[in-house]
Amino acid sequence: GRAGRGRAMGAAAGGPRDPAPGQQLRALFYALPPAESSFRTLEEVPDYVEKSIPFFITFIGLEFAVSWIQKRKLPGRINDGISSLSLGILSRLPDVLFRSIELISYIYVWNNYRLFELPWDSPWTWYLTLLGVDFAYYCFHRMSHEVNILWAAHQVHHSSEDYNLFTALRQSVVQKYTSWMFNLPMAFFIPPSVFAVHLQFNLLYQFWIHTEVITKLGPLEWILNTPSHHRVHHGRNPYCIDKNYGGTLIIWDRIFGTFEAEDEKVVYGLTHPVNSFDPIMLQLRPLAHIWNTFWATPGFCNKLSVIFKGPGWGPGKPRLGLPEEIPVITGKEVPFNPHVPAYLNCYALVHFAVIVDLYTELLASLSILSQGTVLLRIGFIILSLVSFGLLMENKSKAGILEIIRCLVFIGVYKLGYFRSQFSFLDYAYEV
């Protein structure tokens with residue numbers, strides 16, 4: 001407690017203190033003890049997620065190396081990997097313009113309705129918040145599979161037919177606008193600074209479990225969510241459907257009967273694949289399906305059921321649909337993988353790296369940019385991600401869109417609205 005108080009009060013004088021590399025690495029595994037991650041105010045809490053980007057890249061590279069050594073093959077495909085990263089960038093763009101709704105709503109309840117205040121520097125508060133955030137995540141995650149309108153957002157994360165660390169970054173744009181309410185009961189007594197730390201730790205922990213290179217972890221499998229448990233969650237095998245919702249802990253699934261151990265080989269993705277690499281299409285097509293089903297379904301109560309019952313529901317069926325209607329896995333499933341020339345994959349990869357550079361530079365210089373410049377950059381990033389997705393699908397008009405995108409880039413880059421973090425690349429970018 002005293003150690004944590006000293007650190008936090010020291011940070012208060014100069015704002016948030018960036019965690020040391022060793023601390024940031026341990027944050028990925030929820031291994032920072034209370035003494036190192038307790039803060040008096042919300043302003044002192046580091047942005048652990050943003051600071052983890054170099055570690056994400058390092059671990060992705062390590063996964064590729066280990067997979068090659070173990071199986072003599074890479075853990076994923078270029079098109080699916082770019083799609084996952086595109087969805088990850090897209091999901092973070094609203095945070096460039098607005099403060100997180102999870103924190104805004106939490107702070108509002110804390111300021112106006114809190115019943116009592118637990119001490120921010122107590123280890124007991126820290127561990128209680130760990131359990132509270134993880135249980136809230138379990139409840140939200142389960143509802144996201146059992147309520148159709150929530151599933152329409154969450155299915156983005158399950159849309160990859162590969163399973164690797166890229167998949168962990170495949171996130172929905174709109175999901176955060178429904179998850180915030182599950183955390184609000186904690187705002188009656190847990191300080192926002194403590195909540196903000198665990199909200200990030202819970203998210204970061206779920207990065208490393210998206211891999212096939214780690215098998216079983218022995219006794220830890222009883223308590224923690226592990227790669228083996230989470231592979232089941234991402235499977236479309238009938239035995240995998242609606243199982244293993246835990247974030248950090250697997251105990252909630254064991255308590256509430258939603259646990260399933262990994263058994264036969266897992267086939268990943270959606271039972272009815274979207275078959276697209278376009279990040280906008282992946283976000284909107286399920287919502288369009290609900291819209292069309294809503295109007296095609298007779299009866300007011302049935303229309304409401306389309307929205308609030310399970311994705312497999314239909315008139316005359318149970319709330320979550322009929323298990324026998326889940327497509328059987330034959331072992332001959334072929335992932336969506338349109339054939340494109342190798343040079344086009346290389347082209348998309350190089351240009352995607354440019355967009356990542358522009359995105360990270362946007363985050364770094366956000367405080368000095370005008371609102372118009374920020375909106376222009378966000379619009380161009382979205383245009384680029386869509387263009388890359390269509391190129392990798394080998395769409396007939398993708399080339400025209402890409403030419404337009406490149407011309408827009410040249411114009412705004414020459415006018416100074418874009419800037420690379422690496423000035424020596426300016427000429428190369430124009431070329």
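Author: **A buried arginine and the helices beyond**

Arginine 236 is buried, because its relative accessible area is 10% (buried means under 20% relative accessible area, exposed over 50% and partly exposed in between, with a 1.4 Å probe and protein chains only). This is a predicted model, in which local features need pLDDT of at least 70 and side-chain atom pairs count only at pLDDT 80 or more, while totals for chains, interfaces and linings use all residues. Residues are numbered from 1 along each chain as its sequence is written, and side-chain values use heavy atoms, with hydrogens and water left out.

Arginine 236 sits in the loop between α12 (227-233) and α13 (251-256), where helices (H or I, at least four residues) and strands (E, at least two) are DSSP runs numbered from the N terminus. Its side chain makes a polar contact with the side chain of glutamate 161 at 3.3 Å; such a contact is a pair of N or O atoms within 3.5 Å, and within protein one must be able to donate a hydrogen and the other to accept it, with residues adjacent in sequence counting only if both atoms are side-chain atoms. A polar atom of the arginine 236 side chain also lies 3.2 Å from the backbone oxygen of tyrosine 268. Not counting residues up to four places away in sequence, arginine 236 touches, among others, Ile241, Val267, Pro273, Ile326 and Glu333, contact meaning heavy atoms within 4.5 Å.

UniProt, in an unreviewed entry, lists residues 127-258 as "domain: Fatty acid hydroxylase"; its positions are given in the numbering used here, feature names are shortened, and annotations may be inferred rather than shown by experiment. Over residues 127-258 the chain is 52% helix and 0% strand, with end C-alpha atoms 24 Å apart. Isoleucine 251, in helix α13, counts as partly exposed because its relative accessibility is 26%, and its contacts, leaving aside neighbours within four places in sequence, are Trp222 and Ile223.

The unreviewed UniProt entry also carries the annotation "transmembrane region" for residues 374-392 and 398-417. Residues 374-392 are 100% helix and 0% strand, with end C-alpha atoms 27 Å apart, whereas residues 398-417 are 85% helix and 0% strand, with ends 25 Å apart. Helix α18 (residues 398-414) has 17 residues and reaches 24 Å from its first C-alpha to its last, close to the 24 Å expected at 1.5 Å a residue, the expected span being 1.5 Å times one less than the number of residues. Its buried residues are Ala398, Glu402, Arg405, Phe409, Val412 and Tyr413. Seen down the axis of α18, these fall within an arc of 100 degrees, so they line one face of the helix; the arc is that of the directions from the helix axis to the C-beta atoms. The face turned away from the buried side carries the exposed residues Ile400, Ile403, Leu407 and Lys414. The buried residues of α18 pack against α16 (342-364), α17 (371-392) and α19 (426-430), and just after α18, glycine 416 takes a positive phi of about 90 degrees. In turn, what covers the buried residues of α16 includes α5 (78-97), α17, α18 and α19.

As for confidence, the mean pLDDT of the protein chain is 92, and 97% of its residues reach 70 or more, pLDDT being the predictor's confidence in each residue, from 0 to 100. Over residues 1-14, however, the pLDDT is below 50. Where pLDDT is low, the predicted coordinates should not be read in detail.
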